[in-house]
Amino acid sequence: MEKINLGYAFCGSFCTIKQSLSALEELAKLNYKIKPIMSQIVYTTDTRFGKAEDLINKTEEICQEKIIHDIASAEPIGPKNLLDIIVVAPCTGNTIAKIALGITDTPVTMAVKAHLRNNKPVVLAIATNDALGASAKNLGLLHNTKNIYFVPYTQDDAFSKNNSLVCDFSLIAETVEAALKGEQLQPVIKK
């Protein structure tokens, strides 16, 4: 059976990168050839959650591929029809807004825009502190956008961070399988 070409993109919700890496490892065990993509911020920034170099090395080891980390390298994804599906995990409020409004100023947003021109699925694994605040309108736009699918999500701390939403990273593989069939995994909003 031929492998499915999957793009896996990281954005800067650094506190969820470890969960995203676990999901990437699970996908790597399945029938996917994975092309990693990182925003410039993730590719170059050391944080209290880890060093960029360690994340790069681990990601390239899992995927057995070099990371796309600049806009020029992400652009051919569309014209060359390189991928069957893209996962953005974590997908920040900033990236949600840019995808909703067609802004392509990062490798991740360029990859998504280029991929969407081929009418293929994009899976967003949201993790943002303002999803129910400033980002709510963009989240709403994307829920009504063709070929955009969401990993089911919930409030991660309804009382201390009442606008924050985070996906269930353990459902990424299942969401990908559904999206490849043109279906949104349900329920999209978890209790």
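Student: Leaving aside its neighbours within four places in sequence, which residues is Ser-164 in contact with?

Tutor: In this predicted model, Ser-164 is in contact with Thr-128, Asn-129, Thr-154, Gln-155 and Asp-156 once those neighbours are set aside. Ser-164 belongs to the loop between S6 and S7. The C-alpha atoms of Ser-164 and Thr-154 are 8.4 Å from each other, although ten residues apart along the chain.

Student: Is Ser-164 buried or exposed?

Tutor: The cut-off for buried is under 20% relative accessible area. Ser-164 has a value of 1%, so it is buried. Glu-60, in helix H3 (residues 52–63), has 16% relative accessibility and therefore also counts as buried. Beyond four places in sequence, Glu-60 touches Glu-65, Lys-66 and Ile-67.

Student: How does one read the packing of two helices, for instance H5 and H6?

Tutor: One considers the approach of the axes, the crossing and the residues in contact. The axes of helix H5 (residues 93–101) and helix H6 (residues 107–116) come within 10 Å, crossing at roughly 35 degrees. The crossing is right-handed. H5 contributes Thr-95, Lys-98 and Ile-99 to the contact, and H6 contributes Val-108, Thr-109 and Val-112. Of these contact residues, three are nonpolar, two polar and one charged.

Student: What else covers the buried residues of H5?

Tutor: Besides H6, the covering elements include strand S3 (85–91), S4, H7 and S5. The buried residues of H5 are Gly-93, Thr-95, Ile-96, Ala-97, Lys-98 and Ile-99.

Student: Which residues touch the most other members of the largest nonpolar core?

Tutor: In soluble globular proteins, nonpolar side chains tend to be buried together. Here the largest nonpolar core has 64 residues, and those touching the most other members are Leu-6, Tyr-8, Val-88, Leu-124, Ile-126, Phe-150 and Ile-172. Not counting residues up to four places away in sequence, Ile-126 touches Cys-91, Ile-96, Leu-139, Phe-150, Tyr-153, Leu-165, Val-166 and Cys-167.

Student: Finally, which backbone values deserve attention, and where is a peptide bond cis?

Tutor: Most residues other than glycine have a negative phi, and most peptide bonds are trans. The bond from Ala-89 to Pro-90 is cis, with omega near 0 degrees, and Pro-90 lies in strand S3. Gln-186 and Pro-187 are likewise joined by a cis peptide bond, with omega about -10 degrees. As for phi, Asn-81 has a positive value near 50 degrees, and Asn-147 one of about 70 degrees. Asn-81 is partly exposed, with a relative accessible area of 42%, whereas Asn-147 is buried at 12%.

Conventions. Residues are numbered from 1 along each chain as its sequence is written. This is a predicted model: local features need pLDDT of at least 70, side-chain atom pairs count only at pLDDT 80 or more; totals for chains, interfaces and linings use all residues. Side-chain values use heavy atoms; hydrogens and water are left out. Axes are lines fitted to C-alpha atoms, for helices over the stretch in contact, and angles run from 0 to 180 degrees between N-to-C directions. Helices (H or I, at least four residues) and strands (E, at least two) are DSSP runs, numbered from the N terminus. A crossing is left-handed if the near helix is turned anticlockwise from the far one by less than a right angle, and right-handed if clockwise. Contact means heavy atoms within 4.5 Å. Ala, Val, Leu, Ile, Met, Phe, Trp, Tyr, Cys and Pro count as nonpolar, Asp, Glu, Lys and Arg as charged, and the others, Gly among them, as polar. A nonpolar core is a set of buried Ala, Val, Leu, Ile, Met, Phe, Trp, Tyr and Cys residues joined through side-chain atoms within 4.5 Å. Buried means under 20% relative accessible area, exposed over 50%, partly exposed in between (1.4 Å probe, protein chains only).
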